[in-house]
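Open your viewer, load the model and get ready to click along.

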Amino acid sequence: FSRFGAVLITFELIATLKLKLKDHIQASEIFLKPDLKLKELSDSFGKPPHLVSQIISQGLETNFYDLINSYRVKKVKKKLTDPKLSNRTILSLAFDSGFNSKNAFYSTFKSKVGVSPSNFRKSGHA
């Protein structure tokens, strides 16, 4: 455990808060904000930035940007498989999902999914 001010941060607290944080990010869709910062996430979650950062690094074993981008990729994957959105460009779906750069989107998508966005769309993955 570690101590921040008067708050004792235990593994149990991190385990509990990591589930709440994931639920919060999913429900609020705060990841859709292209220039999202840790402070904005922590404010919306109601916990100090250092605690949210610790939850992400220790509880979820990732960093802030990878965590947020994983939600964005999940959103893009859902949109790429939606027949009603088949006329939309991949890049417009990426921007709608919170990405703000073509290069960041393509490299993140390929690293997390294993295929390019266009190959993912063509294959009709679910």
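Here is a short tour of the chain, one selection at a time.

**Select the whole chain.** Keep in mind that this model is predicted. Along the principal axes, the C-alpha atoms fill a box of roughly 55 × 25 × 25 Å. Colour by secondary structure and you will find 7 helices and 2 strands. Walking from the N terminus, the order is β-β-α-α-α-α-α-α-α.

The accessible surface comes to about 7,400 Å², and carbon and sulfur atoms contribute 56% of it. Of the 126 residues in the chain, 33% are buried.

**Colour by charge.** Look for 21 positive and 10 negative side chains. The centres of these two sets lie 5 Å apart.

**Show the contacts.** Take those between residues with a separation of 6 or more: 57% of them join residues 24 or more positions apart.

**Select residues 38-45 and 49-59.** These are helix α2 and helix α3, respectively. How do their axes sit relative to each other? The helices pack at an angle of about 100°, with the axes 9 Å apart.

**Now show the side chains between them.** Which residues of α2 meet α3? On the α2 side, pick Leu 38, Lys 39, Leu 41, Ser 42 and Phe 45.

Definitions and conventions:
Residues numbered from 1 in each chain as written. Predicted model: local features only at pLDDT ≥ 70, side-chain atom pairs only at ≥ 80, totals over all residues. Heavy atoms only, no water. Helix = DSSP H or I, 4+ residues; strand = E, 2+ residues; numbered from the N terminus. Buried < 20%, exposed > 50% of the residue type's maximum accessible area, 1.4 Å probe, protein only. Contact = heavy atoms within 4.5 Å. Areas by Shrake-Rupley, 256 points an atom, 1.4 Å probe, with all protein chains shown as cover. Lys, Arg positive; Asp, Glu negative; His and termini not counted. Charge placed at Lys NZ, Arg CZ, Asp CG, Glu CD. Axes fitted to C-alpha atoms, helices over the stretch in contact; angles between N-to-C directions.
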